[in-house]
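This report describes one protein model for a reader who is new to structural analysis. Please look at the sequence and the structure before reading on.

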Amino acid sequence: MHDWNNMNDDDFRKEVRRFIEQNYPQDLRFLPHRPRFSVIKPWLMLLVEKGWAAPHWPVQYGGMGLSPRKLLIYMDEQGRWGVARQFLGEAGVVQLGPMLIRFGSEEQRARLLPKILRYETIWCQGYSEPNAGSDLASLSTEALLDGDEFAINGRKIWTSSALDSTHMFLIVRTDKTGKKQQGITFLLLDLATPGVTVRGIKNIAGTTDYCEVTLDNARTARSNMVGELNQGWTVSRNLLGFERINTGSPRRSEFAFKRLEALARERGLFKDAGFVDRYAQLALDLADLKAVYVHFADLLTRGEPLGPDLSVLQLLSSETNQRITEFMLEVSGELGLTVAPGETQNERVDALTPFLVMRAVTIGAGTSEIHRNIISRHVLKLPG
Ligand SMILES: Cc1cc2nc3c(=O)[nH]c(=O)nc-3n(C[C@H](O)[C@H](O)[C@H](O)COP(=O)(O)OP(=O)(O)OC[C@H]3O[C@@H](n4cnc5c(N)ncnc54)[C@H](O)[C@@H]3O)c2cc1C
């Protein structure tokens, strides 16, 4: 078995880079939106064959067992080449696997992990509800224990990729008496179960990324409860460090910035002082973002915990990305009017799709307002 962690960092980086560059489909580089599973599946299967599907899982469960340091290199190389969703982008491998390894029973690990690893089951995350997003602990989807099964009733929303998924991990209310965080349980559900209805929601960019999942007396076995009854809040909150900094990676902004530069060169905008002024500001924002990312990546590499100041990275990353894509739309003139890429003299430019898709980044990984609350309360210790 290969011990990646003993390998020199540069050699490891070269090996990952070579594999990605030789195998990742050109036409899927830097997609402006999340691909459907059927589109990305051939690439995922190559990773499965190579044994690289789960770089962050321990070797004993079929992962690469990478240290945080090597994992950052792996993620960085995927981001550099514009691999879709940067880190596989599938909730089973990325989130559920590590949760089962930490909180699941031996029986659950044996039954579920091999199928997750080979993409025989595709998982989505059912946390948000129509009245529970930022304040997730207010969720009201209820599960009643009835013999050896839970009967689930309620509605989940914004469930990414549910149309492509076979299963969902979800958090449900199992006790209404105590503090709201205490009566929550973490369950696994087969989406083919009677009583489950999945409805796609078309977003502003025209793709059906999210879904609404209605649960009408949907039943799941008690053996599909992960962790203890009423302890699901702890299970669901337990993201690993690299998952938390993944959304803060500057790679997406760097790529958007390069597209902006190419477009501006083609349109002769570097002669325009107004353009150069805003371009320089964005270049500085991007430099700030990279510096902050490196700071948190260093902490992770040294095995130090990430604190509430991580919200600074999330904010800088999402808002820089939005500013760049907004400016790109502005300078693209008539090319920005349609979702179909417009033709410039040298290349195809689609300024509208990244602009539309990036509307979501200040919401999905915690809204900007919530990150500002965290910074003001827990980092700056401001009153209120
Ligand atoms: C791209 C994307 C993918 C997603 N994928 C999933 C998924 O797979 N599974 C899943 O369960 N969910 C998913 N979500 C949902 C996401 O978790 C929620 O959208 C997010 O938590 C915000 O909740 P909300 O939409 O209910 O907005 P709300 O919480 O209702 O917020 C509405 C507005 O009020 C503001 N606000 C709320 N509370 C406060 C406060 N205390 N102080 C100041 N302002 C406040 C917010 O900042 C926001 O502007 C996804 C969302 C996006 C955009």
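The sections below treat the domains, the nonpolar cores and the salt bridges in turn.

The model is predicted, and local features need pLDDT of at least 70, side-chain atom pairs count only at pLDDT 80 or more, while totals for chains, interfaces and linings use all residues. Residues are numbered from 1 along each chain as its sequence is written, and side-chain values use heavy atoms, with hydrogens and water left out.

**Domains**

The protein chain is divided into domain 1 (4-89), domain 2 (123-235) and domain 3 (247-379); these bounds come from an automatic or database domain assignment. The C-alpha centres of domain 2 and domain 3 lie 32 Å apart. Their contact (heavy atoms within 4.5 Å) takes four residues from domain 2 and five residues from domain 3. Together the two domains bury about 370 Å², with 76% of it on carbon and sulfur atoms. Here, buried area is the accessible area (1.4 Å probe) that two parts lose on being put together, summed over both. Across this interface the rule finds zero salt bridges.

**Nonpolar cores**

A nonpolar core is a set of buried Ala, Val, Leu, Ile, Met, Phe, Trp, Tyr and Cys residues joined through side-chain atoms within 4.5 Å. Buried means under 20% relative accessible area, exposed over 50%, and partly exposed in between (1.4 Å probe, protein chains only). The largest core has 87 residues, of which Phe12, Tyr24, Trp43, Trp57, Phe186, Ile245 and Leu260 touch the most other members. Helix α9 (residues 273-301) gives the most to this core, with eleven residues. Helices are DSSP runs (H or I, at least four residues), numbered from the N terminus. Beyond its neighbours within four places in sequence, phenylalanine 12 is in contact with residues including Trp4, Met64 and Lys70.

**Salt bridges**

A salt bridge is a side-chain nitrogen of Lys or Arg within 4 Å of a carboxyl oxygen of Asp or Glu. The structure holds 27 salt bridges, and the table lists three of them.

| Pair | N to O distance |
|---|---|
| Lysine 70 and aspartate 9 | 2.7 Å |
| Arginine 80 and glutamate 77 | 3.2 Å |
| Glutamate 120 and arginine 118 | 2.8 Å |

Lysine 70 in helix α3 (residues 68-81) and aspartate 9 in helix α1 (residues 9-23) are 61 residues apart. Lysine 70 counts as buried because its relative accessible area is 3%, whereas aspartate 9, at 21%, is partly exposed. Arginine 80 and glutamate 77 both lie in helix α3, three residues apart, about one turn of the helix.

Methods
Helix = DSSP H or I, 4+ residues; strand = E, 2+ residues; numbered from the N terminus.
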